[in-house]
Amino acid sequence: MNRRSSMRVVLIKAVLSGLLSLMASLAICFSIVPLLGGQVDGAGLLMAIVCPLTIAIPVSAVHFHQAEKLRRAEASAANALVRLARIYEELRVQSRLDGLTGIPNRQTFQKELADISKMGTPGGLLFLDLDHFKSINDRYGHAIGDEVLRKVGQLLSSRCGPGDLTGRLGGEEFVLFFGDLAVGDMFERCEEIRLAVARLDVRASTGATVRVSVSIGAVYCEASFDAEGCLGDADRNLYAAKAGGRNTVALAGSDL
């Protein structure tokens with residue numbers, strides 16, 4: 001309701017209140033004055049009519065106007081609280097996610113990985129690093145490099161089930177945790193991810209295909225594993241994969 005409409009409603013209510021006061025005044029006069037031996041006429045009747053109207057209408061107008069202002073203020077405050085709650089939730093979500101890829105950032109991944117370890121869930125931890133990513137930026141530009149990062153983030157997120165977790169640690173480094181993944185299935189799962197990254201369709205502005213590959217260091221995490229320790233082990237295996245020629249997988253206790 002706009003301000004003009006609300007003022008019209010206030011005036012209508014004030015007039016109605018005045019009329020009700022007038023009716024009450026006349027009812028009192030015509031029922032009580034005769035009982036006291038008097039007559040309702042002349043100045044007495046005029047006062048019984050004028051007084052309720054001159055008092056009730058202005059007072060009611062002020063009352064209803066203040067009530068309307070209070071109602072609008074309460075509605076505005078309620079709307080502001082809703083907006084603040086929405087903004088807070090958006091900021092909370094944004095603080096947990098990587099701004100470019102939309103997947104959990106380093107802090108969120110580390111916290112959630114630690115929570116998984118406390119629950120006693122075993123699984124496979126994969127540490128991924130895009131190969132020669134600097135050369136992609138240098139050759140095709142940072143916009144194409146960002147597109148590569150976004151598509152890798154989307155790919156990893158699409159491979160996560162309810163008990164899995166992914167995140168971007170920063171730069172071209174990503175992590176994946178597959179909950180309840182059997183140790184015997186580790187290498188096959190790593191190869192699936194490596195090949196899926198290699199099949200990503202990224203095109204330069206010229207239409208040329210941008211070749212993307214990834215090196216993966218992986219480690220199997222026993223139940224109630226040490227989250228930071230496993231990340232460190234996976235990182236060391238990643239260096240082994242890089243040293244082994246890139247675009248390959250290195251597992252703990254494996255020559256691969």
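A residue is taken as buried when its relative accessible area is under 20%, and as exposed when that area is over 50%, with partly exposed residues in between. The structure described here is a predicted model. By the burial criterion, five of the six residues of strand β2 are buried, so β2 is largely enclosed by the rest of the structure. Strand β4 is likewise mostly covered, with seven of its eight residues buried. Across the protein chain, which has 256 residues, the buried share is 36%.

The secondary structure of the protein chain consists of seven helices and five strands. Read from the N terminus, the elements follow the order α-α-α-β-α-α-β-β-α-β-α-β. Of the contacts in the protein chain between residues at least 6 apart in sequence, 70% join residues at least 24 apart. The accessible surface of the protein chain amounts to about 14,700 Å², and carbon and sulfur atoms account for 59% of this area.

The five strands make up an open sheet with mixed pairing, in the order β2-β3-β1-β4-β5. Its edges are formed by β2 (165-170) and β5 (249-251), each of which pairs on one side only. On average, and with direction ignored, neighbouring strands of this sheet are turned by 20° against each other. Helix α5 (residues 142-158) packs on the sheet and touches β1 (123-130), β2 and β3, its direction making about 5° with that of β3. Helix α6 (residues 186-198) also packs on the sheet. The strands touched by α6 are β1, β3, β4 (214-221) and β5, and the direction of this helix makes about 155° with that of β4.

Strands β1 and β4 pair in the antiparallel sense over eight bridges. In this pairing, G123 stands opposite C221 of β4. Strand β4 runs parallel to β5, to which it is joined by three bridges. The bridge partner of G217 in β5 is A250. In a regular strand the side chains alternate between the two faces of the sheet.

The C-alpha atoms of G120 and E222 are 8.2 Å apart, although the two residues are separated by 102 residues in sequence. With neighbours within four places in sequence left aside, G120 is in contact with A223 and S224. S224 belongs to the loop between β4 and α7 (227-243) and counts as exposed, because its relative accessibility is 53%. Phi of S224 is near 60°, a positive value in a residue other than glycine.

A positive phi in a residue other than glycine is found also at R246, where the value is near 65°. R246 lies in the loop between α7 and β5. With a relative accessible area of 35%, R246 is partly exposed.

N137, by contrast, is placed in helix α4 (residues 133-140). Its relative accessible area is 13%, and N137 is therefore buried. Apart from neighbours within four places in sequence, the residues in contact with N137 are H142 and G145.

Conventions
Residues are numbered from 1 along each chain as its sequence is written. This is a predicted model: local features need pLDDT of at least 70, side-chain atom pairs count only at pLDDT 80 or more; totals for chains, interfaces and linings use all residues. Side-chain values use heavy atoms; hydrogens and water are left out. Two strands pair if DSSP finds at least two bridges between them. Helices (H or I, at least four residues) and strands (E, at least two) are DSSP runs, numbered from the N terminus. Axes are lines fitted to C-alpha atoms, for helices over the stretch in contact, and angles run from 0 to 180 degrees between N-to-C directions. Contact means heavy atoms within 4.5 Å. Buried means under 20% relative accessible area, exposed over 50%, partly exposed in between (1.4 Å probe, protein chains only). Accessible areas come from the Shrake-Rupley method with a 1.4 Å probe; for residues, only the protein chains shown count as cover.
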